[in-house]
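User: I am new to this structure and would like to learn how to read it. Could you take me through it step by step?

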Amino acid sequence: MTGFNFTPGRAIPGQPGRAGVIHTPHGDIATPAFIVVGTQAAVKGVLPRDVAALGAQAVLANAYHLYLQPGAELVEQAGGLARFMGWGGPTVTDSGGFQVLSLGAGFKKVLAMDTDRLAAADVIAANKDRLAQVDDDGVTFKSHRDGSRHRFTPEVSMGVQHRLGADIIFALDECTTLLNSRPYQEASVARTQAWAERCLAEHDRLTAARPDHPYQALFGVVQGAQHEDLRRSAARGLVATAVNGRRFDGYGIGGALEKGRLGQICRWATEELPWDKPRHLLGISAPEDLLAGIEAGADTFDCVDPSRVARHGVIYTRDGRYTVDTLPNKRSFAPLEADCDCQTCAQVSRAYLHHLTRAKELSLAAWTTIHNLRFTVRLADEARVAIERGQFDQFKAEFLGRYRRRP
Ligand SMILES: [Zn+2]
């Protein structure tokens, strides 16, 4: 008994998407689900009670950040990530690979999701100019905090994530951009597979060495960028990986995803993955992307965007995105969104929130973060209900029809 498993529920007819339930030692996650990001063991701007009240089922933190500050040992001594941050439900940590390789490190600019106007030289810094250098054994990087040098290997990542103690942890992977060359992508997928094998072996060793700890589920990450053959072979490689009879408990789908082809790229992976294991699509939250991912068979999602844009006064509504500054009816006592059931929309008006922007009050970020997180969590919840009722196609068409109608 591990205390971790996935029960697939009803499927979307003719699609890889499905409803389901992930069982973890700290509670269940009904899927599809949006997992709220608390990078540094904190959901920026809000308290755990707010996160619970808005319906979030799990929180994802980042192994790289917690390794640097406050250190995995302290989190372990606190009783693990959930207890340390005062969160009562399931937790997830990602491996740190993405942050090590993207946080001002491997890339000159943000990860390229829209490559139309960019050349490779604009995005991919030469190895000598990076704060992180990848080799076949691991990644050496300089801390974004103080410039100190560190090394992540698959074994280090597993050790850190075991000490952090989240219910779901991820194998160390190399994250590429859409602009890396085909030979580089091939080599990178092979490296990520080799790292995945080492992560599973170390995870097996650590799990056996700590039988009194709650079981931690390890997900392997499917890379391969925009190449169908690489995505499929990467997924098959992870599925075939076994150490002492142990296999990955689930799978992440990561890396560069072209926005217009997100569903298709996700499907290449999910078609190769076992039906009875959960799949997590890393770093996705825009409504149209979330729905495309759900249809293509992803069960869980995480992304910093809903909370990050909220702190800049951007809010999601069913009628599209707005900024608090340019909200229609800024002297109105109506809520941000009439049919939203969040704490913000229940308690305060557009006029009040607009006042907070002018007054530069900190609490504005809490109000807008609660609204945006509720919006995203609820979208996944409603998709799940629609799948269970056999009405996903109708739900998706109605939602997107309204969301995109705004001129
Ligand atoms: Zn709201």
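User: How many helices and strands are in the protein chain?

Analyst: The protein chain has 16 helices and 16 strands, where helices (H or I, at least four residues) and strands (E, at least two) are DSSP runs numbered from the N terminus. This is a predicted model, in which local features need pLDDT of at least 70 and side-chain atom pairs count only at pLDDT 80 or more, while totals for chains, interfaces and linings use all residues. Residues are numbered from 1 along each chain as its sequence is written.

User: What radius of gyration does the protein chain have, and what would a compact globule have?

Analyst: The radius of gyration is taken over C-alpha atoms, and the globule rule is 2.2 Å times the number of residues to the power 0.38. With 407 residues, a compact globule would have a radius near 22 Å, and the protein chain agrees with this at 21 Å. Its C-alpha trace spans about 60 × 50 × 50 Å along the principal axes.

User: Into which domains is the protein chain divided?

Analyst: Domain bounds come from an automatic or database domain assignment, and here they give domain 1 (5-303) and domain 2 (314-403). The C-alpha centres of domain 1 and domain 2 lie 27 Å apart. Counting two residues as in contact if their C-beta atoms, placed from the backbone, lie within 7 Å, 27 residues of domain 1 touch 23 residues of domain 2. Among the elements that give two or more residues to the side of domain 1 are strand S1 (5-11), strand S2 (18-24), strand S3 (27-31) and helix H11 (287-295), and H11 gives the most to that side, with six residues.

User: Which classes do the residues on that side of domain 1 belong to?

Analyst: Ala, Val, Leu, Ile, Met, Phe, Trp, Tyr, Cys and Pro count as nonpolar, Asp, Glu, Lys and Arg as charged, and the others, Gly among them, as polar. The side of domain 1 that touches domain 2 has 16 nonpolar, six polar and five charged residues.

User: How do the axes of H11 and helix H15 cross?

Analyst: Axes are lines fitted to C-alpha atoms, for helices over the stretch in contact, and angles run from 0 to 180 degrees between N-to-C directions. The axes of H11 and H15 (residues 363-388) come within 11 Å and cross at roughly 35 degrees. Pro287, Leu290, Leu291 and Ile294 in H11 meet Leu379, Ala380 and Ala383 in H15, a contact with seven nonpolar, no polar and no charged residues.

User: Which order do the strands of the open sheet have?

Analyst: Strands of a sheet pair through backbone hydrogen bonds, either parallel or antiparallel. Two strands are said to pair if DSSP finds at least two bridges between them. In this structure an open sheet of three strands has the order S1-S2-S3, with antiparallel pairing. S1 and S3 stand at the edges with a single partner strand each, so one side of each is left without a neighbour in the sheet.

User: How many bridges join S1 to S2, and how many join S2 to S3?

Analyst: S1 and S2 pair over five bridges in the antiparallel sense, and alanine 11 has arginine 18 in S2 as its bridge partner. These two strands form a hairpin with six residues between them, and glycine 14 in the turn has a positive phi of about 75 degrees. S2 and S3 are also joined by five bridges and run antiparallel, with histidine 23 partnered by aspartate 28 in S3. H15 packs on this sheet, touching S1, S2 and S3, and its direction makes about 120 degrees with that of S2.
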